[in-house]
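Welcome! Here is a short tour for anyone meeting this structure for the first time. Take a look at the sequence and the 3D view, then read on.

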Amino acid sequence: MDFEVYRLSPSCDMGDVEEGNTYLGRVQGFASFGTFVQLNDRIKGLVHKSNVRTEHKERDTILVRVRTIRSNGNIDLEEVVVPSYQIQTVEKKSTSIQLSELSRKVGRTVRIEGEVAQIKQTSGPTIFTLVDESGTENAAAFVEAGVRAYPEVELGDMVRIVGQVMQRNSQVQVEVGSLTVLVGEEAEIVRLRIEKALDERSEPPEIPFLIESTVLTQLRPEMRKIARLIRKAVFTSQPIILRHHADADGISSAVALEQAVVALMRESGGDFESDYFLFKRAPSKAPFYEIEDITRDLDFSLKDHVRYGQKMPLIILTDNGSTEEDLASLKIARIYELPIIVIDHHHPDAVVDQYLIAHVNPYHVGGDFGVTAGMLGAEIARMVNPAVSDAICHLPAVAAVGDRSEAPERGRLLALVQETYTEEDCRQIALALDYQQFWLRFNDGRELIKDILNLRNNPDRHRALVDILVSEANLAIKEQLSACMPHVRRQKLDNGAHLFQIDLEIHAHKFTFPPPGKTAGEVHDRLCQAHAGEPVVTLGFGPDFAVLRSRGVMMNIPKMVRELRDEIPGGGVSGGGHLVVGSIKFVEGMRDAVLDGLTSKIAKVDVTRG
Ligand code: MN
């Protein structure tokens, strides 16, 4: 039988070297006292000149027997010359450790396996973000400052890394000694192992809702599915873009989800800054996912994909996304295979569902807009991360009041938090959100919004900020109403409804708070008070738009908009919203025709009294 020679695989460390065994080595260099020989990239020993048998040059292959391994880690070798031999590869004996264990292994050399979730080239090393069944951590590989290490590695590859665990600031990181891209069956085994564990880990905990609710109970399976998808995105370092309507309901829904996701990201490791690198909350001006929004989101994501090696994002739309108005953006998103989740309470058009991976909407189970996006978002947030439950439990009450919900859930949510927040507190917070968001425009105003919602552990500042915002908002509303109320035109329709019209272009302040929609709402509230128990429709219009508010009138605004679009050629009619609250756009030259058409439709719908 041939002489046995061992070859250490790249992942082997000192623990895999045995005294007395002969190894395949490579001459690394020479000193006056002997020859240095590498057994793999990380292990080297010395052949004393008295034990050198033949002549060598650098990088020559050489057979060496291990004489002794000293306590300081130095290895004494002697050269072996044999006529023939067979090679046996030594795999690392120790098994891989999970990423969540790294913080307990600082200073040690470890082996890890995982999926590459991000490849970021810094001015120094290349940073590979790895995901395994337990969490996500970074590994730094260095060849030369700013030069990409292991250029063969691609996003989504399964890799095995051996390296030393280092502590950087509050973050652990593996300094890559060797990196191997796993292929074939080996890669598949690791992929399946991680996938299975991630699926289990992504399963949301079984927790009861904050309140009793038939609608929520029926929606629970879809809500759990969404929570599962969000948890998995977090665990796999997939970026998340959260889009929401920029009103109190949409903000409450989105902020509840933001709190849950960011806390879960921190918990599961990853980049120190990753929570804001991988998570973005962005308000949409209209309750639709507009082309402008998808354009920004795609531009941002594609650049990050190319520049930072990030995955393409999961898109979550809340308080928008469920109607025909969203279709164009959803179609664009599909080109890039962006997965989209909708959490909405607008009257849904079934046509959107083919573009979504999940969609929760009270209309799917016979409910209506009274179960608001904020209620749905907060419950999903609690499923994503129950740890935030106490902190966010007042958000759905703010949403309910902000969106004027009349569903039974409203009262239950208010009762839940009444010790800390009265109904008036919730109303003020909702108004403060609307007012602040008006000045924030497209910005998320993350920390300011958290102060308004009392999520920053500074109740005094929360109170002071809400107080000033509310008094400024009320002042602005009062000013606006004193200008426009005298110009309201009134009309009694055939169906008995009062129709009030106001030209917001010439009788309201422009480009300030309250904007046209809010102004129409405030006008409507006063007219409803003045006509208690009677059906009321308020129509505020400008040169090319109209906003509708109604009470006691069984309208279906999205349907009216579609009919007007067909009936008025050249009217350029579009729009939508809720059934009884919405907005319509048209071309300026056809305003009278559109408003007349609208009025005659309103005059035909059924009214309720009381
Ligand atoms: Mn809403």
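Let's begin with a pair of helices: the axes of H1 (residues 184-202) and H2 (residues 214-235) come within 8 Å and cross at roughly 130 degrees. Please keep in mind that this is a predicted model.

**How the two helices meet**
- The crossing in which H1 passes H2 is right-handed.

- Phe3, Tyr85 and Ile87 make a nonpolar surface patch of about 250 Å².
- One of these residues, Phe3, sits in strand S1, which covers residues 3-8.
- Phe3 has a relative accessible area of 33%, so Phe3 counts as partly exposed.

**Backbone spots to look at**
- Most residues other than glycine have a negative phi, and most peptide bonds are trans.
- Asn454 is not a glycine, yet its phi is positive, at about 60 degrees.
- You will find Asn454 in the loop between helix H12 (446-452) and helix H13 (459-484).
- Asn457, also in the loop between H12 and H13, has a positive phi of about 55 degrees without being a glycine.
- With a relative accessible area of 78%, Asn457 is exposed.
- Between Phe513 and Pro514 the peptide bond is cis, with omega near -5 degrees.
- Pro514 belongs to the loop that lies between helix H14 (504-507) and helix H15 (516-530).

Technical notes: Residues are numbered from 1 along each chain as its sequence is written. This is a predicted model: local features need pLDDT of at least 70, side-chain atom pairs count only at pLDDT 80 or more; totals for chains, interfaces and linings use all residues. Side-chain values use heavy atoms; hydrogens and water are left out. Patches are made of residues with over 30% relative accessible area and no salt bridge: like charges are joined within 9 Å, nonpolar side chains (Val, Leu, Ile, Met, Phe, Trp, Tyr) within 5 Å. Accessible areas come from the Shrake-Rupley method with a 1.4 Å probe; for residues, only the protein chains shown count as cover. A salt bridge is a side-chain nitrogen of Lys or Arg within 4 Å of a carboxyl oxygen of Asp or Glu. Helices (H or I, at least four residues) and strands (E, at least two) are DSSP runs, numbered from the N terminus. Buried means under 20% relative accessible area, exposed over 50%, partly exposed in between (1.4 Å probe, protein chains only). Axes are lines fitted to C-alpha atoms, for helices over the stretch in contact, and angles run from 0 to 180 degrees between N-to-C directions. A crossing is left-handed if the near helix is turned anticlockwise from the far one by less than a right angle, and right-handed if clockwise.
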